[in-house]
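Please consult the sequence and the coordinates shown here while reading.

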Amino acid sequence: MLKDPDIILATGGGAFVSEETRALVNAEAISVWLKAEADILFERVSRRSNRPLLKTANPRQTLEKLIAERYPIYADAHVTVLSRDVPQDVVAADVIEAVLAHLKN
């Protein structure tokens, strides 16, 4: 899929944790990390029951553990954009701006 020049590929958080996948994505595309604070993430994931990694006795603690483990890995993305409690189009505009800035460098 990464060979297609006209694609935006959204992976799950676990995909980028894989060293092989991360290397492939970073070699073939511009990787973007939509970084969010724990409170925002917890509020978002609490709306759905389809998060198997959070089906634990203490999902908030599990989320914070995943953040501690994964955020240093996610930092390998080419671009980081802060996801916050604003309309999606605002964050989408931030992504476009950040990718364009990355391309200029």
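A network of salt bridges links Asp39, Arg60 and Glu64, a salt bridge being a side-chain nitrogen of Lys or Arg within 4 Å of a carboxyl oxygen of Asp or Glu. The whole structure contains seven salt bridges. The model is a predicted one, in which local features need pLDDT of at least 70 and side-chain atom pairs count only at pLDDT 80 or more, whereas totals for chains, interfaces and linings use all residues. Residues are numbered from 1 along each chain as its sequence is written, and side-chain values use heavy atoms, with hydrogens and water left out.

**Salt bridges**

- Glu43 pairs with Arg47 in a salt bridge whose closest N and O atoms are 2.6 Å apart.
- With a relative accessibility of 42%, Glu43 is classed as partly exposed, while Arg47 has a relative accessible area of 58% and is exposed. In these classes, buried means under 20% relative accessible area, exposed means over 50%, and partly exposed lies in between (1.4 Å probe, protein chains only).
- Lys65 and Glu69 form another salt bridge, with 2.7 Å between the closest N and O atoms. Both residues belong to helix H4 and are four residues apart, about one turn of the helix.
- Lys65 counts as exposed at 52% relative accessibility, and Glu69 counts as partly exposed at 40%.
- A salt bridge also joins the side chains of Arg84 and Asp94, at 2.8 Å from N to O. This pair links distant parts of the chain, ten residues apart: Arg84 is in the loop between strand S2 (79-82) and helix H5 (88-104), and Asp94 is in helix H5.
- Both partners are partly exposed: the relative accessible area is 27% for Arg84 and 24% for Asp94.

**Aromatic pairs**

- The structure has three aromatic pairs. Rings of Phe, Tyr and Trp (its six-membered ring) pair if their centres lie within 6.5 Å; planes under 30 degrees apart count as stacked, over 60 as edge-to-face and the rest as tilted.
- In the pair of Trp33 and Tyr71, the ring centres are 4.9 Å apart and the planes meet at 75°, so the arrangement is edge-to-face.
- Because Trp33 lies in strand S1 (residues 32-35) and Tyr71 in helix H4 (residues 59-74), the pair ties together parts that are 38 residues apart in sequence.
- Trp33 and Tyr71 are buried.
- Tyr71 also pairs with Tyr74: the ring centres are 6.0 Å apart and the planes are at 45°, so this pair is tilted.
- Tyr71 and Tyr74 are three residues apart in helix H4, which means a separation of about one helical turn. Tyr74, like Tyr71, is buried.
- One aromatic cluster is formed by Trp33, Tyr71 and Tyr74.

**Fold and overall dimensions**

- The chain contains five helices and two strands, arranged along the sequence as α-α-β-α-α-β-α. Helices (H or I, at least four residues) and strands (E, at least two) are DSSP runs, numbered from the N terminus.
- The C-alpha trace spans about 45 × 30 × 20 Å along its principal axes.
- The chain has 105 residues, of which 22% count as buried.
- Of the contacts between residues at least 6 apart in sequence, 62% join residues at least 24 apart, where contact means heavy atoms within 4.5 Å.

**Surface and charge**

- The chain has an accessible surface of about 7600 Å², and carbon and sulfur atoms account for 56% of this area. Areas come from the Shrake-Rupley method with a 1.4 Å probe; for residues, only the protein chains shown count as cover.
- There are 13 positive and 15 negative side chains, and the centres of the two sets are 5 Å apart. Lys and Arg count as positive and Asp and Glu as negative, with His and the chain ends not counted; the place of a charge is taken as NZ of Lys, CZ of Arg, CG of Asp or CD of Glu.

- Arg22 is located in helix H2 (residues 19-28) and is buried, with a relative accessible area of 13%.
- Leaving out residues up to four places away in sequence, Arg22 touches Phe16, Val17, Ile73 and Asp76.
- Ala98 is part of helix H5. Apart from its neighbours within four places in sequence, Ala98 is in contact with Val79 and Val81.
- Ala98 and Glu28 are 70 residues apart along the chain, and their C-alpha atoms are separated by 18 Å.
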